[in-house]
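Dear colleague,

I am passing on the structure below, together with notes on what turned up when I went through it. Could you read the notes with the model open beside you?

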Amino acid sequence: MKKFPEYFLWGAATSAPQSEGHSSLNGKSPSTWDKWYEKNPEKFQKNQGPEHTSNMYETYAEDAKRMRDIQMNSFRTSIAWTRLLPDGKTVNQEAVTFYRHYFSELQANGIKPIINLFHFDMPWWLMEKGGWETRESVDAFAFYANTCFDLFGDLIEEWTTFNEPMVHIECGYLYGYHYPAIHDFKKAIQVGFHTLMAHTMAVKAFKNGNYSGRIGIILNVSPCYPKSQSAEDLAAARMADLLNTKSFLDPTVLGTIPQELIDCLAENDLLPKVNEKDIEEIKQNKIDFLGMNYYQPRRVQAPINVNKPAVSPADFYDHYDWPNKKINPYRGWEIYPEALYDVAMMIKNEYNNIAWYVSENGMGVADEERFLDKNGMIQDDYRIEFMEEHLIQLHKGIEAGSNCFGYHAWTFIDCWSWLNGYKNRYGFYRLDLENDQRSLKKSGLWYKELIDRNGLD
Ligand code: BGP
């Protein structure tokens with residue numbers, strides 16, 4: 001039996017925009033998702049927009065019981081900035097009541113809430129002023145964070161500032177999957193830097209306010225594997241790692257920005273505007289713990305025909321299609337559990353063995369109705385296999401001394417996924433889109449037994 005540490009957190013993650021629904025109700029103002037859907041619904045899978053999602057705004061109490069039913073002891077969601085502070089300044093009391101009830105209900109069921117502040121949901125009022133491109137976003141976020149700590153600090157012990165900051169940067173400013181869907185490397189770097197400062201100033205507010213508990217950030221990590229050991233491929237892997245992983249890991253955990261990254265941005269005329277005290281603030285406001293979302297590795301090779309100065313990350317590294325890869329065909333992502341062991345070792349050896357947890361890991365599959373059995377239960381053995389293989393690697397990392405305190409699956413109930421709508425399902429509970437009903441999948445039962453034993457056979 002592979003036992004996990006005592007008090008290990010077992011749970012699942014979601015986000016406010018993907019699970020609450022009521023996205024134009026109860027005093028909430030629009031986020032970029034609401035507005036983008038209003039303008040271009042055709043961009044969204046089957047025209048499925050952010051308005052309804054899994055309706056947890058109404059069902060959180062029963063959902064907390066469902067979590068308890070499968071023995072979960074923790075759950076991550078986010079607060080919607082646009083619900084709590086519809087104009088960025090004025091508190092929406094209805095939102096305060098909602099979140100206080102929601103978090104209390106989780107606790108009453110033995111579920112520790114981990115609360116995140118930003119999950120890709122930029123307020124529209126701020127987007128109209130330039131979103132993360134404008135420095136004003138840093139102060140606006142710090143104000144919002146402070147408001148959350150004041151209003152909910154008595155209920156929450158674990159806070160995180162951002163979920164996957166790299167994603168709103170690259171999807172919004174490089175690859176076109178998030179609003180404003182532009183392609184501008186220099187803007188992407190500035191957006192990244194403002195995001196880093198917004199995080200830093202939220203950490204500072206938390207520390208200065210002497211709130212109890214701890215604060216962290218959730219990063220997506222795709223360990224980088226070069227095609228070969230040639231100097232060119234290794235350099236490409238190094239750059240991919242610097243841009244995608246170390247750009248946030250180093251400042252948030254170590255308080256420094258890698259010099260190699262700064263040099264490279266300078267050489268390519270990509271350096272962002274930085275205020276005088278920023279670097280010192282980063283140094284002074286490190287996180288207490290880290291969440292790592294892991295889905296797939298990154299395989300790279302040296303690029304051919306590059307632009308100088310660079311106009312996109314493709315000028316530093318090229319994707320490498322590894323012929324031996326195992327793939328999840330629905331999401332198009334490689335399945336490579338071994339990388340989770342490498343992540344555990346990287347944190348142990350390069351990041352002071354900071355306390356961390358797997359904050360997302362899971363497998364999205366389309367048309368899961370194919371796997372309904374005669375009792376109406378989805379037999380998602382592929383998901384069980386996926387998670388088991390990843391947990392074996394995580395366990396190996398913990399045995400080797402990595403300071404991991406938990407594992408959260410993506411996700412608890414099938415949820416809405418940005419442009420992909422409800423195409424790929426990830427949940428332990430199936431969501432019936434006709435009537436919002438939830439029903440347990442085989443993986444939910446498996447998870448319960450795993451948590452009961454706190455280990456794998
Ligand atoms: C992560 C996000 C989640 C979630 C998940 C699954 O990157 O934090 O919000 O969506 O990926 O990915 P997808 O929904 O794109 O299939």
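Threonine 195 is buried, since its relative accessible area is 1% (buried means under 20% relative accessible area, exposed over 50%, and partly exposed in between, with a 1.4 Å probe and protein chains only). This threonine 195 belongs to helix H9, residues 185-208, where helices (H or I, at least four residues) and strands (E, at least two) are DSSP runs numbered from the N terminus. Not counting residues up to four places away in sequence, threonine 195 touches Trp132, Phe162, Pro165, His168 and Phe248, contact being taken as heavy atoms within 4.5 Å.

Please keep in mind that this is a predicted model, in which local features need pLDDT of at least 70 and side-chain atom pairs count only at pLDDT 80 or more, while totals for chains, interfaces and linings use all residues. Residues are numbered from 1 along each chain as its sequence is written, and side-chain values use heavy atoms, with hydrogens and water left out.

Next, the barrel. Its 8 strands close in the order E2-E3-E4-E5-E6-E8-E13-E15, with parallel pairing; two strands are said to pair if DSSP finds at least two bridges between them. On average, and with direction ignored, neighbouring strands of this sheet are turned by 25° against each other (axes are lines fitted to C-alpha atoms, for helices over the stretch in contact, and angles run from 0 to 180 degrees between N-to-C directions). Strand E3 (residues 74-78) and strand E4 (residues 112-118) are paired in the parallel sense over 5 bridges, and phenylalanine 75 has proline 113 in E4 as its bridge partner. Helix H7 (residues 136-152) packs on the sheet, where it touches E4, strand E5 (158-163) and E6, and its direction makes about 160° with that of E4. Helix H14 (residues 381-399), for its part, lies across strand E2 (9-13), E13 and strand E15 (404-409), and runs at about 170° to E15.

Strand E6 (residues 214-220) runs parallel to E8 and is joined to it by 5 bridges, with isoleucine 218 opposite glycine 291. E8 also pairs in the parallel sense with strand E13 (residues 356-360), over 4 bridges, and here asparagine 293 stands opposite glutamate 360.

Which residues touch the most other members of the largest nonpolar core? They are Trp159, Leu290 and Leu394, in a core of 137 residues (a nonpolar core is a set of buried Ala, Val, Leu, Ile, Met, Phe, Trp, Tyr and Cys residues joined through side-chain atoms within 4.5 Å). H9 gives the most to this core, with 12 residues. Apart from it lies another core, of 7 residues, which include Leu9, Ile218, Ala355 and Phe405.

A second sheet is open, with 3 strands in the order E7-E9-E10 and mixed pairing; its edge strands are strand E7 (224-226) and E10, each of which pairs on one side only. E7 and E9 run parallel and are joined by 3 bridges, and tyrosine 225 stands opposite arginine 299 in E9. Helix H10 (residues 231-254) packs on the sheet and touches E7 and E9, its direction making about 135° with that of E9.

Finally, some backbone details. The peptide bond from lysine 308 to proline 309 is cis, with omega near -5°, and proline 309 is placed in the loop between E9 and E10. Another cis peptide bond joins tryptophan 410 and threonine 411, with omega about 10°. Asparagine 26, a residue other than glycine, has a positive phi near 60°, and it is partly exposed, with a relative accessible area of 21%. Lysine 46 likewise is not a glycine but has a positive phi of about 50°; this lysine lies in the loop between H2 and helix H3 (56-69) and is exposed, with a relative accessible area of 67%.

With best wishes
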